[in-house]
Amino acid sequence: MALSLNGFPRTHRLLASNEFKAVFDGAQWKAQSKEILILGIHRGETQGNPRLGLVVGKKSAKKAVQRNSIKRVVRESFRTHKQALNGLDLIVLTRPGAADLPKQELRTMVDTLWGKLKPNRRKPSNPKPKRS
RNA sequence: UGAGUUGGCCGAACAGUCGCUGGAGUAAGCUUUUAGCUCGCUCUGGAGGAAAGUCCGGGCUCCUUAGGGCAAAGUGCCAGGUAACGCCUGGGCGGCGUGAGCCGACGGAAAGUGCAGCAGAAAGUAUACCGCCUAAGCAAACUUCGGUUUGCCGGUAAGGUUGAAAUGGUGCGGUAAGAGCGCACCGCGCGCCUGGUAACAGUGCGUGGCGAUGGAAAACCCCACUUGGAGCAAGACCAAAUAGGGACCCUAUGGCGUGGCCCGCGCUGGGUCCGGGUAGGUUGCUAGAGGUGCAAGGUGACUUGCAUCCCAGAGGAAUGACUGUUCUCGACAGAACCCGGCUUACAGGCCAACUCACUUU
RNA sequence: CGGGGCGUAGCGCAGCCUGGUAGCGCACCAGUAUGGGGUACUGGGGGUCGCAGGUUCAAAUCCUGCCGUCCCGA
């Protein structure tokens, strides 16, 4: 099969709520700026697809148009950088103020954040459930 | 030419590359093989005028038909349009504007209850502070003994003062002074007539002196009309499950049920706790009070007929990014069951009709 | 999708139903008591009543439309 390198099909997304929960509970990989926070978890298998989940709340962007455009920018950036992120499940969270950034600035910020993504050694590799 | 009013329309365009997504066709792989999943290729569709706020009205769906009474909420000049409306159109009345036009919660205060601070004599069955008038009565002062003046008593509401608001206006007569007390005109009420479907109107006729009948109902209220309740997380289907149990409590003028209460109606035990177990998929989901064009009817909203078109349907949720060219340099803003309105936001641009002012002819 | 509450001085709240004067506590400023501070007492300043219209003679209050914020239910 001739899977295109820059595509963003359904298999590259986080879909179910328990998948989101797994990333939140055992987030070893982390990168952040003032407006953006990226959490990640390594699924073990090195050749697996990277998967992306987005959390853009009303608190960070009030208007639906703003939330949509933020998601588009992040997806676009993920799509072009995903070859370096194999095997990772990632969640991108936005913080208040993300909607006030110009699109170009947001794009370059997310682009550089992928490179900054590093595993946190203090956390144990096997996630232990904090919440009961 | 400038200023303005009303109605309607548009909401950057084109090309290429990559990416997302619905549909149709087609090749391949996998599986639990009449089916489904994954992925590729070709063709094709892919946000708005407000998609928004969720303020109204419907469709649709379910509930044990929704019947009556009370309550509650909403609407409020008249007629029409519409599936319906609190919307729209036309008309009436009132107000604003030189005008085109615009604005109006615009039923009832002679059913009842309540309200109007301060000021003012008086604020709702009116009243009399300053005034004006009067010398009949009482009292006092003065007196040329004729009277004069003042107060009380009495008359009056023209003038003044207050206030948002003071109970017809102007003129003439009238009077002690005054007063619809009388008259004329205007205004107002009532009845009739005429026109209009009606709201309502009238140099129409008659009648009433007008303290009748002030304001406020976005105070309660009265009258008329409308409203059964919930909402696509409605609901339907498939698979699984709601099993079998234990303890305690409440009781059949009981309990349960989609309506705030009662009657009526339907069902027959109900509730709490312990323990056990399931919460996956499909559908509803877009062909509709649909769009466009033409014709006819109507002042118009709109209706009818014919032709033609198919124009988003996701499910963490699709329209974006980059490059190039052009211009007026791009605003408000993203469908989530679907329509009709209203309201609010909005860079800029276009068209039509009309009004006013100036200039020219 | 449906329903409800709140917005008044720097902060937390009354007043709104039943319309005419915006008040309470803390904080702030000044004075007195003390050598000074804390504290107490006395006096004072400070509010577009979320915004915009409307009703009324008069609106924080009644009505309508917006804005912000918080909370429920499915």
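I took helices (H or I, at least four residues) and strands (E, at least two) as DSSP runs, numbered from the N terminus. This is a predicted model, in which local features need pLDDT of at least 70, side-chain atom pairs count only at pLDDT 80 or more, and totals for chains, interfaces and linings use all residues. Residues are numbered from 1 along each chain as its sequence is written, chains are lettered from A and ligands numbered from 1 in the order in which they are written, and side-chain values use heavy atoms, with hydrogens and water left out.

**Entry 1: the chain.** I looked up the elements of chain A and found 3 helices and 5 strands. From the N terminus on, their order is α-β-β-β-α-β-α-β. I then looked up burial, where buried means under 20% relative accessible area, exposed over 50%, and partly exposed in between (1.4 Å probe, protein chains only). Of the 132 residues in chain A, 39% are buried. For contacts I used heavy atoms within 4.5 Å. Among contacts in chain A with a separation of 6 or more, 79% join residues 24 or more positions apart.

**Entry 2: helix α3.** I noted that α3 (residues 103-116) has 14 residues. From first C-alpha to last it reaches 20 Å, close to the 20 Å expected at 1.5 Å a residue; the expected span is 1.5 Å times one less than the number of residues. Which residues of α3 are buried? They are L106, M109, V110, L113 and W114. Seen down the axis of α3, these buried residues fall within an arc of 140 degrees, so they line one face of the helix; the arc is that of the directions from the helix axis to the C-beta atoms. An α-helix has 3.6 residues a turn, so residues three or four places apart point the same way. On the other side of α3, I found Q104 and G115 exposed. The cover over the buried residues of α3 includes β1 (29-32), β2 (36-42), β3 (51-55), α2 (64-81) and β4 (88-94).

**Entry 3: S77.** I located S77 in helix α2. S77 is buried, with a relative accessible area of 0%. Not counting residues up to four places away in sequence, S77 touches R107, V110, D111 and W114.

**Entry 4: the cores.** A nonpolar core is a set of buried Ala, Val, Leu, Ile, Met, Phe, Trp, Tyr and Cys residues joined through side-chain atoms within 4.5 Å. The largest has 23 residues, and those with the most contacts inside it are I38, L52, L90 and W114. The largest share of this core, 5 residues, comes from α3. Apart from it I found another core of 9 residues, among them L14, F20, I41 and I91.
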